Amino acid sequence: MQATLEQRARLDRRTSRIPRTASFWLLATALFTLTFAAGAPSPLYVVYQGRWGFSPATLTMIFAVYAFALLLSLVTIGGISDHVGRRPVLAAGLLLEAGSMLVFLSARSVAWLIAARIVQGLATGALTGTFSAGLVDLQPPSRPQLAALLNSAVATVGLAAGALGTGLLVQYAPAPTTLVYALLAVAFVLLAGTVALLPETAPRRPGALASLRPRIAVPRPVRARFLAATPVLVATWAMGGLYLSLGPSLAAGVLHLRSHVIGGLVVATLTGFGAAAAIVVRERHPQRVMVGGSLVLAAGTVVTLVGLATLSTPLLFAGTAVAGLGFGSAFLGAFGSLAQAAPAEQRADLFAAVFVVAYLAFSLPAIAAGLCVPALGLRDTAVGYGIGVLVLALGAVSLTVPRLARR
């Protein structure tokens, strides 16, 4: 381990164009831009739906293909920067992300949107692991937890900013379906150009082709914890999938709030409060955080359901805010609980399993909801979806509390 650190330091000194601290914050900015772009299409789905007349099932499919592509990319090329270096993967991924923005910019039909989301998912999956590793490589030695905090908080803050920022542009700026993508395409090209200035912290080493083989496993010592955490992973990410795919549609179709800013604000409330919760509870016992977050998620879901049943906008936003607090803390607790118990040499395989569960929960329930809308209606579908999240959150509590009590 010491040899690896010294090797990275020598490589860092040879390749650095800007100081490590500046490089660290440049990577954090690029990660924020990446997640901003992931949240940007959410307020636009209702615009595309009104323009091309596709069904809610098609809308959720457009949303979900991103998660499938991201998952495929994450479990195959997500770790390739350990073998070919961080900078090549960053440059290629950012340019591919810029390409996805150009496909959005040129979209003339549903097929174009699906293609754009697939390309965006592939680029995001390749970049996610590289950003995470790069931030750890470059974080200030005096702040050893900063990279982990930014990896968790910046992602959700970026989603919130992307949804809200796009809502503002759609409502008040010209060319609502093109301006945000043009700005993001330029941003990604500029960021790709700055990659050459970053220090290379990962020396080339053999095994690049072997690293493309997906490795997914739950180590025996953490299987009980993984079983207990699975309802949390499904509940939190399914809630996120509902809001990012159908949140603006709920605001427009159920509460009759036609402003695109409100549609973006619905998404931003969930993800923004989730980021705040993750920051507040990051130092606390992960299993207790998971239980507490699950209870808060359940409470927020109940308030949200009441808001939908009574068509109350204040209750919907209050419930979304509370659910967001539970969303951020419950997932952080579940992830931390598993990381804490897993053997170091098996964590990569475990995290792959975690993300498989998470991204499937992010996409499949949203597709199911989209299929149910024509028969049940948007409000009843959302209520049934919320009840499912409530059951999962309380189920996670019932599986974890006895373990804590025995301790």
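Leaving aside its neighbours within four places in sequence, with which residues is Val354 in contact? Val354 is in contact with Phe226, Leu233, Phe335 and Leu338, where contact means heavy atoms within 4.5 Å. The structure is a predicted model, in which local features need pLDDT of at least 70 and side-chain atom pairs count only at pLDDT 80 or more, while totals for chains, interfaces and linings use all residues. Residues are numbered from 1 along each chain as its sequence is written, and side-chain values use heavy atoms, with hydrogens and water left out.

## Overall architecture

The protein has 16 helices and zero strands. Helices (H or I, at least four residues) and strands (E, at least two) are DSSP runs, numbered from the N terminus. The C-alpha trace spans about 60 × 60 × 35 Å along its principal axes. For 407 residues, a compact globule would have a radius of gyration near 22 Å, and the value of 21 Å for the protein agrees with this. That radius is taken over C-alpha atoms, and the globule rule is 2.2 Å times the number of residues to the power 0.38.

Buried residues make up 53% of the 407 residues. Buried means under 20% relative accessible area, exposed means over 50%, and partly exposed lies in between (1.4 Å probe, protein chains only). The accessible surface comes to about 16500 Å², of which 69% belongs to carbon and sulfur atoms; these areas come from the Shrake-Rupley method with a 1.4 Å probe, and for residues only the protein chains shown count as cover. Among contacts with a separation of 6 or more, 85% are accounted for by residues 24 or more positions apart.

## Helix geometry

Helix α7 (residues 110-138) has 29 residues, which at 1.5 Å a residue should span 42 Å; its end C-alpha atoms are 41 Å apart, in agreement. The expected span is 1.5 Å times one less than the number of residues. A kink of about 25° in α7 is centred on Leu127, the bend at a residue being the angle between axes fitted to the seven residues ending there and the seven starting there.

After α13 comes Leu311, with a positive phi near 55°. Leu311 is not a glycine and lies in the loop between α13 and α14 (313-341). Because its relative accessibility is 43%, Leu311 counts as partly exposed.

Ala175 also has a positive phi, near 50°, in a residue other than glycine. Ala175 is placed in the loop between α8 (146-172) and α9 (179-194), and its relative accessibility of 39% makes Ala175 partly exposed.

Thr236 belongs to helix α11 (residues 223-253). With a relative accessible area of 0%, Thr236 is buried. A polar atom of the Thr236 side chain lies 2.8 Å from the backbone oxygen of Val232. Apart from its neighbours within four places in sequence, Thr236 is in contact with Leu297, Phe327, Ala330 and Phe331.

The side chain of Thr230 reaches the backbone oxygen of Phe226 at 2.7 Å. A polar contact is a pair of N or O atoms within 3.5 Å; within protein, one must be able to donate a hydrogen and the other to accept it, and residues adjacent in sequence count only if both atoms are side-chain atoms.

## Pairs separated in sequence

Val354 lies in helix α15 (residues 347-376) and is buried, with a relative accessible area of 1%. Leu26 is in helix α2 (residues 20-39) and is partly exposed at 21%. Leaving aside its neighbours within four places in sequence, Leu26 is in contact with Ile18, Leu191, Thr194 and Leu198. Gly388 lies in helix α16 (residues 378-406) and counts as partly exposed at 31% relative accessibility.

| Residue pair | Sequence separation | C-alpha to C-alpha distance |
|---|---|---|
| Val354 and Phe335 | 19 residues | 7.9 Å |
| Leu26 and Val195 | 169 residues | 9.2 Å |
| Gly388 and Pro365 | 23 residues | 9.9 Å |
| Thr230 and Ala396 | 166 residues | 7.7 Å |
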